[in-house]
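User: I would like to learn how to read ring contacts and strand pairing in a model. Please take me through them.

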Amino acid sequence: MLILLPPSESKAVRARGAALRPETLSAPALAPQRERVAAALAQVSAGPEAMEVLGVGASLTEEVARNTRLATAPTLPARELYTGVLYDALDLTTLDPASARRATRRLRVVSALYGLVRMSDRLAPYRLSMGVNLPGVGPLATAWRPHLEQVLPEDAGHGLVVDCRSSTYAAAWTPTGELARRWVTVRVPGASHMAKHTRGLVARVLCEEPSDPRRPEALMPLLADRFDGVELYEPARPGRPWVLDVPPA
């Protein structure tokens with residue numbers, strides 16, 4: 001089972017620590033594109049139009065400045081780097097050892113800078129959204145798509161793809177062919193805050209689950225005891241995902 005997450009907008013930072021070692025990151029096939037995006041991001045972030053291009057306000061000036069120090073900034077494991085509502089609900093630090101190992105195997109973050117990362121990857125803090133049209137690279141969801149198509153199907157193997165991404169990050173990769181029949185998107189009605197919180201809880205429950213379901217229908221008994229009113233809907237047409245409706249929790 002592969003559980004896809006969006007990154008958080010906010011990132012933790014450290015004052016000291018080892019710098020980025022690109023060769024240690026998972027999905028090494030993404031290395032050339034990572035380098036290209038990082039170089040373009042650093043160049044934009046050092047210029048006068050950085051805030052406008054990146055779509056952020058003046059209060060985030062220091063976060064944008066960090067984009068110019070990606071190669072030397074202290075790194076953190078992704079499990080510590082990403083913060084905010086979804087990751088607070090996921091609460092990786094309180095998982096038991098077996099569940100923590102499953103989280104490392106099952107969770108992937110789709111990132112505008114790094115493309116795809118595991119929770120164990122050590123990353124430099126950055127400010128960049130998948131919705132940005134990055135000079136020298138182009139719209140990032142489009143730019144990452146062919147590269148993610150190379151690595152994500154192999155990561156998924158024969159298991160389910162449980163998609164907890166926001167629409168901005170979902171645009172960077174869509175399962176196709178046989179894999180699309182094992183693609184389940186988690187839909188949470190209501191406000192964005194509660195949707196993020198609930199998706200984080202769903203991801204946590206699936207990391208705690210020892211079994212590895214291979215069919216979308218098998219998710220229902222795993223989640224029904226933890227969430228009231230869960231519903232699963234078959235795809236409207238071939239190539240579309242199953243939809244798992246989870247009420248806000």
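Analyst: Start with rings. Rings of Phe, Tyr and Trp (its six-membered ring) pair if their centres lie within 6.5 Å; planes under 30 degrees apart count as stacked, over 60 as edge-to-face and the rest as tilted. The structure holds two aromatic pairs.

User: What should I know about the model itself?

Analyst: This is a predicted model, where local features need pLDDT of at least 70, side-chain atom pairs count only at pLDDT 80 or more, and totals for chains, interfaces and linings use all residues. Residues are numbered from 1 along each chain as its sequence is written, and side-chain values use heavy atoms, leaving out hydrogens and water.

User: Is tyrosine 126 buried or exposed?

Analyst: Buried means under 20% relative accessible area, exposed over 50%, partly exposed in between (1.4 Å probe, protein chains only). Tyrosine 126 is buried, at 3%. Tyrosine 114 is buried too, at 3% relative accessibility.

User: What sits over the ring of tyrosine 126?

Analyst: A charge sits over a ring if NZ of Lys or CZ of Arg is within 6 Å of the ring centre and within 35 degrees of the ring normal. Here the charged end of lysine 11 lies 4.4 Å from the ring centre of tyrosine 126.

User: Which strands pair with S9?

Analyst: Strands (E, at least two residues) are DSSP runs, numbered from the N terminus. Two strands pair if DSSP finds at least two bridges between them. S8 (residues 161-163) pairs with S9 (residues 183-187) in the parallel sense over three bridges. Valine 161 has tryptophan 183 in S9 as its bridge partner. S9 also runs parallel to S11 (residues 242-245), joined by four bridges. There, arginine 187 stands opposite aspartate 245.
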